[in-house]
Amino acid sequence: MLGLKKGQITLFVILGIVLIIGVSTYLYVNQQPVQSLAPSVLEAPVQIRPVVQFVSDCLQRSGEDAIVRIGAGGGYIDVRSQGARVNPVNPTESDAIEFGPSSELAVPYWWYLKSPNDCVGPCLFDTFRPPLRRENEESGRPASIETQLDLEVARTVDTCVGNFTLLTGQGFSVVASSAPKVTTTVGAAGVSYLLDYPLSITREGQEFHSAQYGSF
């Protein structure tokens with residue numbers, strides 16, 4: 001490393017640590033199977049199984065995409081939305097590092113010097129590592145991985161179903177009485193999603209109701 005300044009060496013070390021953390025998080029979370037906490041499609045009345053399958057497929061895709069995103073982001077869907085300081089000009093004075101001037105991806109430092117680089121005396125160290133479970137969240141600190149997945153999967157499920165227009169051609173009329181709500185559980189055996197999405201489903205004069213769904 002001849003010719004490199006101390007600050008440049010420090011930056012290379014930080015970049016290496018960030019890459020290790022990001023890749024490790026991605027590999028761990030992405031390898032966890034997506035499980036279901038809801039009744040299976042086959043338990044639904046046969047008349048509305050296409051609707052239940054459609055919603056479950058949306059949940060499956062949304063859940064998998066969210067896991068990939070949060071793994072690639074070092075535990076965050078969007079670290080900036082959690083209050084992280086991102087300084088592309090001086091990344092060692094940030095809570096996270098941005099990958100390129102026009103990149104949307106920023107990965108947090110899980111352990112870093114929060115005080116200015118030239119601090120003298122007591123220097124403050126901090127972490128921007130998110131808690132895994134919602135019960136470990138602290139006021140004023142970033143949201144947990146579970147909470148972030150709750151919100152992201154609910155948002156993308158709502159987009160995926162697209163007002164159920166794809167089911168209209170099959171003779172279904174589907175009306176949601178509330179927005180989708182997702183509860184994520186990250187456990188040792190995998191990631192589980194429970195979707196609460198109350199629907200009124202009508203076909204050929206028959207009305208049915210369905211409320212909970214899982215990914216299969």
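**Figure 1. Helix 2 passes helix 3 in a right-handed crossing.** The model shown is predicted: local features require pLDDT of at least 70 and side-chain atom pairs count only at pLDDT 80 or more, whereas totals for chains, interfaces and linings use all residues. Residues are numbered from 1 along each chain as its sequence is written, and side-chain values use heavy atoms, with hydrogens and water left out. Helices (DSSP runs of H or I, at least four residues) and strands (DSSP runs of E, at least two) are numbered from the N terminus. Two packed helices are described by the angle between their axes and the distance between the axes. Here the axes of helix 2 (residues 49–72) and helix 3 (residues 145–161) come within 8 Å and cross at roughly 135 degrees. Helix 2 and helix 3 are therefore oblique to each other. Axes are lines fitted to C-alpha atoms, for helices over the stretch in contact, with angles from 0 to 180 degrees between N-to-C directions. Angles under 35 degrees count as roughly parallel, over 145 as roughly antiparallel, 65 to 115 as roughly perpendicular, and the rest as oblique. A crossing is right-handed if the near helix is turned clockwise from the far one by less than a right angle, and left-handed if anticlockwise.

**Figure 2. Residues in the contact of helix 2 with helix 3.** Contact means heavy atoms within 4.5 Å. Helix 2 contributes F54, C58, L59, R61, S62, G63, A66, I67, R69 and I70. From helix 3 come I145, Q148, L149, E152, V153, R155, T156, V157, C160 and V161. By class, the contact holds twelve nonpolar, four polar and four charged residues. Ala, Val, Leu, Ile, Met, Phe, Trp, Tyr, Cys and Pro count as nonpolar, Asp, Glu, Lys and Arg as charged, and the others, Gly among them, as polar.

**Figure 3. G71 in helix 2.** With 0% relative accessibility, G71 counts as buried. Buried means under 20% relative accessible area, exposed over 50%, and partly exposed in between (1.4 Å probe, protein chains only). The C-alpha atom of G71 is 10.0 Å from that of V107, although 36 residues separate the two along the chain.

**Figure 4. S210 and H209 in strand 9.** Strand 9 spans residues 206–213. S210 is buried, at 12% relative accessible area, whereas H209 is exposed, at 59%. Neighbours within four places in sequence aside, S210 is in contact with I48, V52, Y197, P198, L199 and I201. With such neighbours again left aside, H209 is in contact with L199 and S200. The H209 side chain makes polar contacts with the side chains of S200, at 3.3 Å, and of E207, at 3.5 Å. A polar contact is a pair of N or O atoms within 3.5 Å; within protein, one must be able to donate a hydrogen and the other to accept it, and residues adjacent in sequence count only if both atoms are side-chain atoms. H209 also lies 9.9 Å from P45, C-alpha to C-alpha, across 164 residues of chain.

**Figure 5. S115 in the loop between strand 4 and strand 5.** S115 counts as buried, at 12% relative accessibility. Its side chain reaches the backbone nitrogen of L124 at 2.6 Å. Beyond its neighbours within four places in sequence, S115 is in contact with E93, C123 and L124.

**Figure 6. N163 and E204, loop residues with positive phi.** N163, in the loop between helix 3 and helix 4 (165–168), has a phi of about 60 degrees although it is not a glycine. E204, in the loop between strand 8 (190–203) and strand 9, has a phi near 55 degrees and is likewise a residue other than glycine. N163 is exposed, with 68% relative accessible area, and E204 counts as exposed at 74%.

**Figure 7. I97 in strand 2, with the protein as its setting.** Strand 2 runs over residues 96–98, and I97 counts as buried at 5% relative accessibility. I97 and V86 are eleven residues apart in sequence, with 6.2 Å between their C-alpha atoms. The protein has four helices and nine strands, in the order α-β-α-β-β-β-β-α-α-β-β-β-β along the sequence. Of its 216 residues, 40% count as buried. Among contacts in the protein with a separation of 6 or more, 55% are between residues 24 or more positions apart.
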